[in-house]
Amino acid sequence: MPKVQINGIDLFYDIKGAGEPLLLIAGFLCDHTYWSLLMPSLVSHYQVIRLDNRGMGRSSAPDNPYSIKQMASDVAALLDRIGIDKVHLVAHSMGGQIAQELVLTHPQKIKSLMLISSWAEGDERFNSIIETWGDLPSNIDLKLYEKVVFPWIFTDEFYSIPGMIEGLIEFAIKYPFPPSTRTLYHHSRAILGNDTTERLKHIHCPTLVMVGKQDILTPMKFSEQLAQGIPNAEIVVLNRGGHGLLVESPDAVASVILNFLAKLTPAYTS
């Protein structure tokens, strides 16, 4: 599987499909496989590029402080290395922070922006959760960690599906490329150290903001702030799904993405 050496690390990436480039950036605790359930819908229309953020999956995991801007620089360097000038950009959660920094620092690379379950700046409750999620892996095993995190990610309805949560926990435990405890710490501090609130007005590409109505980790107010701060941004609230929309409602998420892209003017799609 392909890797490139950029910014002092080996960065893993994956490309499937043909057409206009569509770049997907995952969030905290997730690598490129988090998009798997959306891939059949997306690759039938686009050339889909996924990557493992530094520290995740098959990318290098240096044990030093990370920043969101640094991870955005990784993405920009990847696009340069593989010879892709401009992309449509979809990002989830922490990936949305990375995407915001990427479009702010390299606007010429981004045709359109789609932020899912993301934020410009967390509030005190959210920051406390993220700080705890960074500290916990040093004190508990992965199974218990997932049992602590999942109630913030998935809805009551998802929990009621027999064996679903147990299956996801088992998958996480057996996954061959789990994040290290230090990576989760570094990612948590990168999240806490980033704020785009005052810079949202400088994002001028077509933008869609999406959130699940039942998201208790990054509630609708975070997405509303993004949509209000980014000029002419659209917001879509999915009635079903929490923070883990990509797992709970992949078909609905893919449909919203494809519909948004289909509406863009030729000036952005050519």
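The structure is a predicted model, in which local features need pLDDT of at least 70 and side-chain atom pairs count only at pLDDT 80 or more, while totals for chains, interfaces and linings use all residues. Residues are numbered from 1 along each chain as its sequence is written, and side-chain values use heavy atoms, with hydrogens and water left out.

Eight strands form an open sheet with mixed pairing, in the order β1-β2-β4-β3-β5-β6-β7-β8. Helices (H or I, at least four residues) and strands (E, at least two) are DSSP runs numbered from the N terminus, and two strands pair if DSSP finds at least two bridges between them. The edges are held by β1 (3-6) and β8 (234-238); each has a single partner strand, so one side of each lacks a neighbour in the sheet.

Further in, β5 (residues 87-92) and β6 (residues 110-116) run parallel and are joined by six bridges. Leucine 89 sits opposite leucine 113 in β6. Helix α2 (residues 68-82) packs on the sheet, touching (heavy atoms within 4.5 Å) β1, β2 (9-16), β3 (21-25), β4 (47-51) and β5. Helix α9 (residues 220-229) also packs on the sheet, where its contacts are β6, β7 (207-212) and β8.

As for helix α8 (residues 181-192), its buried residues (under 20% relative accessible area, with exposed over 50% and partly exposed in between; 1.4 Å probe, protein chains only) include Thr183, Leu184, His186 and His187. Among the elements covering the buried residues of α8 are α2, α3 (94-105), α4 (124-135) and α5 (142-153).

How values were computed
Axes fitted to C-alpha atoms, helices over the stretch in contact; angles between N-to-C directions.
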